[in-house]
Amino acid sequence: MLDSLLALGGLVLLRDSVEWEGRSLLKALVKKSALCGEQVHILGCEVSEEEFREGFDSDINNRLVYHDFFRDPLNWSETGEALPGGPLGALRAMCKRTDLGPVTIALDSLSWLLLHLPCATLCQTLHAVSHQDSCPLGDGSPVGKVHVLGLLHEELHGPGPMGALSSLAQTEVTLGGTMGQASARILCRRPRQHPTDQTQWFSILPDFSLDLQAGPSIESQPHSDPHIPPVDPTAHLTFNLHLSKKEREARDSLTLPFQFSSEK
Amino acid sequence: MFLELNNLLNTTPERAEQGKLTLLCDAKTDGSFLVHHFLSFYLKANCKVCFVALIQSFSHYNIVGQKLGVNLTMARERGQLVFLEGLKSAVDVFFQAQEKPHPLQFLREANAGNLKPLFEFVREALKPVDSGEAGWTYPVLLVDDLSVLLSLGLGAVAVLDFIHYCRATVCWELKGNVVVLVHDSGDVEDEENDILLNGLSHQSHLILRAEGLATGFCRDVHGQLRILWRRPLQSTSQRDQSLTYQYKIQDRSVSFFAKGMSPAVL
């Protein structure tokens with residue numbers, strides 16, 4: 001399920017937390033898109049371009065177009081080097097693209113955008129970007145699928161903005177895990193079908209390939225060492241837990257005080 | 001610096017990692033001992049340190065620093081330490097004419113301002129100088145603490161933006177480190193502080209969280225320290241991601257022990 005996230009177009013929310021970071025999964029999906037021949041645009045607000053490109057080989061890196069909003073997102077340097085219009089301008093420019101091929105837009109991160117832009121403006125822009133394929137160009141030729149991957153840090157936003165983004169998204173992936181093993185809970189809304197909810201265990205290899213797994217491995221679960229036999233707690237007690245046959249018979253034949261009988 | 005804490009973090013002044021953001025937070029206790037640790041750690045590592053000290057006076061940090069083996073006065077005189085004493089210089093904003101904006105200029109502004117002047121102060125303090133003086137190893141920014149900026153009227157996003165620019169300049173451009181302290185308000189509902197704390201947590205490489213004991217004050221165990229290394233999912237490192245220790249603060253050191261293993265109860 002995790003490896004077919006990009007089959008649907010539209011907005012995919014990657015919800016991560018402090019304990020389970022989502023940038024690695026974002027990079028793994030970016031790599032998948034690039035390997036499929038798609039053009040990939042990265043709106044980089046949280047980490048430097050070097051850090052984002054780290055781990056990708058040159059084939060992948062050549063397919064990535066990085067829009068750098070890490071160095072000077074608010075134009076404090078006033079050198080004129082900052083990209084005009086800021087991140088919102090760059091996102092809006094992607095709505096007006098003229099090429100026809102499929103494209104993936106990775107937002108690193110959607111949380112940064114949500115903290116700096118009004119929620120309604122951001123939602124309108126996201127809707128326009130992710131639904132371009134349903135609005136063909138003026139000459140009637142169809143536009144390729146658009147995937148928008150948005151990294152969202154769950155703890156930073158209230159239920160209102162989170163709900164608004166959820167309603168826009170076709171797919172929501174919530175990262176979690178246990179005992180060092182990462183999992184992704186995938187909530188998928190396909191048109192005219194029931195939403196599906198699945199959990200997929202996975203790990204990400206150093207080259208950012210996705211390795212899907214069955215579940216937390218047995219070895220990593222804490223259990224008693226098989227070489228030490230389980231201890232019988234009833235052994236070596238200083239009191240008697242068991243009844244002899246005579247004691248059992250005496251107990252069974254005892255008349256309880258609240259029972260009526262002919263002797264009473 | 002506290003040698004036991006260095007052991008827990010598996011680091012020494014000679015081989016500390018560079019380009020990292022370390023987040024210190026405290027909940028129901030005083031985590032300032034961590035600030036003193038990192039101040040003396042990086043001075044001993046021969047780093048150029050910019051200390052934005054908003055909570056205590058210079059002499060307070062100096063007295064504690066001397067117990068930990070560093071002399072802040074001498075470090076400042078030889079140019080290794082740039083010290084912004086918030087308590088003193090905040091008054092200058094109002095009573096002294098400045099040619100350029102004061103680092104704490106936001107105190108004068110009626111509307112929610114930004115920390116661009118403070119960032120420019122930090123950038124100026126840590127920019128590399130090639131005058132041939134004794135070369136410092138790498139620059140370090142230390143802030144004590146960020147929560148007070150929220151109390152002074154700034155929004156959480158403004159403080160996050162300040163740290164963003166500090167990360168871009170100090171960590172990425174200059175390959176230095178940033179260490180900041182934020183208080184965790186805990187039960188008290190403080191949305192702005194929560195946004196600040198969670199936002200910084202997502203950007204940090206290492207989080208040290210000092211917590212008071214759930215059962216209250218104890219003479220022999222002053223609190224517990226949770227250490228969280230934030231590593232990417234695709235990292236192959238086998239080291240523990242998270243450790244918890246209890247600690248006791250003494251006059252010149254802090255001793256750490258596993259939960260329930262305080263020498264007082266063994």
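**Salt bridges, chain interface and local geometry**

In chain B, K127(B) is partly exposed, with a relative accessible area of 38%. The structure described here is a predicted model. The acidic residue E124(B), at a relative accessible area of 45%, also falls in the partly exposed class, and E124(B) forms a salt bridge with K127(B) in which the closest N and O atoms are 2.6 Å apart. In chain A, salt bridges that share partners link R15(A), E154(A), E172(A) and R189(A) into one network.

Over all chains, the count of salt bridges comes to 19. Since R15(A) belongs to strand β1 (residues 10–16) of chain A, while E154(A) is found in the loop between β5 (146–153) and α7 (159–168) of chain A, the pair ties together parts that are 139 residues apart in sequence. The two partners fall into separate classes of accessibility: R15(A) has a relative accessible area of 16% and is therefore buried, because the buried class covers values under 20%, whereas E154(A), with a relative accessible area of 25%, is partly exposed.

Another salt bridge of chain A is formed by D108(A) with R23(A), and here the closest N and O atoms are 2.9 Å apart. D108(A) lies in strand β4 of chain A and R23(A) in helix α1 (residues 23–35) of chain A, so that this pair ties together parts that are 85 residues apart in sequence. Both D108(A) and R23(A) are buried.

Attention now turns to the interface of the two chains. At this interface, 28 residues of chain B are in contact with 33 residues of chain A. The area buried between chain B and chain A is about 2600 Å², and carbon and sulfur atoms give 64% of this area. On the side of chain B, the residues that lose the most area to chain A are Y165(B), H202(B) and L233(B), which together account for 28% of what that side buries. Across the interface of chain B and chain A, zero salt bridges are found, while the number of residue pairs in polar contact between chain B and chain A is 14. Among the elements of chain B, α6 (116–126), α8 (156–173) and α9 (191–203) each supply at least two residues of the side that touches chain A. The largest share of that side comes from α8(B), which contributes nine residues. By residue class, the side of chain B that touches chain A is made up of 13 nonpolar, nine polar and six charged residues.

Within chain B, strand β7 (residues 223–229) has six of its seven residues buried, and it is therefore largely enclosed by the rest of the structure. Strand β6 (residues 206–211) of chain B pairs with β7(B) in the antiparallel sense over six bridges, and the bridge partner of L206(B) in β7(B) is W229(B). The strand β7(B) also pairs in the antiparallel sense with strand β8 (residues 242–249) of chain B, over six bridges, and in this pairing G223(B) stands opposite Y247(B) of β8(B).

Several features of the backbone remain to be described. In chain A, a cis peptide bond with an omega of about 10° joins D108(A) and S109(A), and S109(A) has its place in the loop between β4 (103–108) and α5 (110–116) of chain A. In chain B, a cis peptide bond with an omega of about -15° joins D144(B) and D145(B), where D145(B) is located in the loop between β4 (139–144) and α7 (147–151) of chain B.

Conventions. Residues numbered from 1 in each chain as written. Chains lettered and ligands numbered in written order. Predicted model: local features only at pLDDT ≥ 70, side-chain atom pairs only at ≥ 80, totals over all residues. Heavy atoms only, no water. Contact = heavy atoms within 4.5 Å. Buried area = accessible area lost by both parts, 1.4 Å probe. Salt bridge = Lys/Arg side-chain N within 4 Å of Asp/Glu carboxyl O. Polar contact = N/O pair within 3.5 Å; in protein donor to acceptor, adjacent residues only side chain to side chain. Helix = DSSP H or I, 4+ residues; strand = E, 2+ residues; numbered from the N terminus. Nonpolar A, V, L, I, M, F, W, Y, C, P; charged D, E, K, R; others polar. Buried < 20%, exposed > 50% of the residue type's maximum accessible area, 1.4 Å probe, protein only. Pairing = 2+ DSSP bridges.
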